[in-house]
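Subject: Structure handover

Hi,

Here is the structure for you to look at. My notes follow below it.

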Amino acid sequence: MKTALKENKKLLKELIYEEVNGKPIYYKNYKLVIKGKKTLEEVKMSSSIQSEIVVLLINFLSLRLDKGKYKILAHEIGVRTANGRRSIDIAIFEYKKVKPYLGKNKIIPFVPKIAIEVDTKIEGNVINYVNEKIRDLLISGTEKVIWIFTKTKIILIATLQNSEIKSFEDDISIIEGITLNLNRLLKEEIWKPL
């Protein structure tokens, strides 16, 4: 009995997506994992379109960002915010600021300049979660949060001053001097015929 309880606690810990104000935020469908109806991997996995967008954006930004000024980190990079620990799909940091923390097996103790998210995998009210995460990142020092939603094909762009909703067809400014049209990029790179 003790072994099963210990295993459940270990599994529950692995199902934590983020921690905010001392409370865990779990992956969507985490209860099905505990009941043995889904695997841990199933609830953590990304869809192919999420993965393709993340890879495309990293490639796009890598070719355009000044590598002496900025550093891109990705793959649910952990950062410390005013309210806890968050994970980010793609983070653009100022290189000098993040350099001492590179190559370490720890989360970054501050937020990036730009945070880019593609969809979300959390259990609970997605709208509240998105609003709270954006607010947490912005009050912690992130200058811009870009959130891409693949099902609705909308992009939410938020700064401390304002927020706006764009479509995949719109040009969006990522950072000074770098503009992106996601629909065009997807057509050029993914949806082109063989």
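Strands and helices here are DSSP runs (strands: E, at least two residues; helices: H or I, at least four), numbered from the N terminus. The model is predicted, so local features need pLDDT of at least 70 and side-chain atom pairs pLDDT 80 or more, while totals for chains, interfaces and linings use all residues. Residues count from 1 along each chain as its sequence is written, and side-chain values use heavy atoms, with hydrogens and water left out.

**Positive phi**

Glu76 sits in strand S3 (residues 70–81). Its phi is positive, near 55 degrees, and it is not a glycine. Glu76 is partly exposed, at 24% relative accessible area. The classes are: buried under 20%, exposed over 50%, partly exposed in between (1.4 Å probe, protein chains only).

Asn21 is another non-glycine residue with positive phi, about 55 degrees. Asn21 lies in the loop between strand S1 (16–20) and strand S2 (23–26). It counts as exposed, because its relative accessibility is 56%.

S7 (residues 154–158) is largely enclosed by the rest of the structure, because four of its five residues are buried. S6 (residues 144–149) pairs with S7 in the antiparallel sense over five bridges. Pairing requires at least two DSSP bridges between two strands. Val145 has Ala158 of S7 as its bridge partner. The S6–S7 hairpin has four residues between the strands, and Lys153 there takes a positive phi near 55 degrees.

On to S8 (residues 163–167): S7 and S8 run antiparallel, joined by five bridges. Ser163 in S8 stands opposite Ala158. Four residues separate S7 and S8 in their hairpin.

**Asp136**

Asp136 belongs to helix H6 (residues 126–139). Is Asp136 buried or exposed? It is buried, at 1% relative accessible area. Its side chain makes a polar contact with the side chain of Arg86, at 3.0 Å. A polar contact is an N or O pair within 3.5 Å; within protein, one atom must be able to donate a hydrogen and the other to accept it, and sequence neighbours count only if both atoms are side-chain atoms. Leaving out residues up to four places away in sequence, Asp136 touches Thr81, Ala82, Asn83 and Arg86 (contact: heavy atoms within 4.5 Å).

Best wishes
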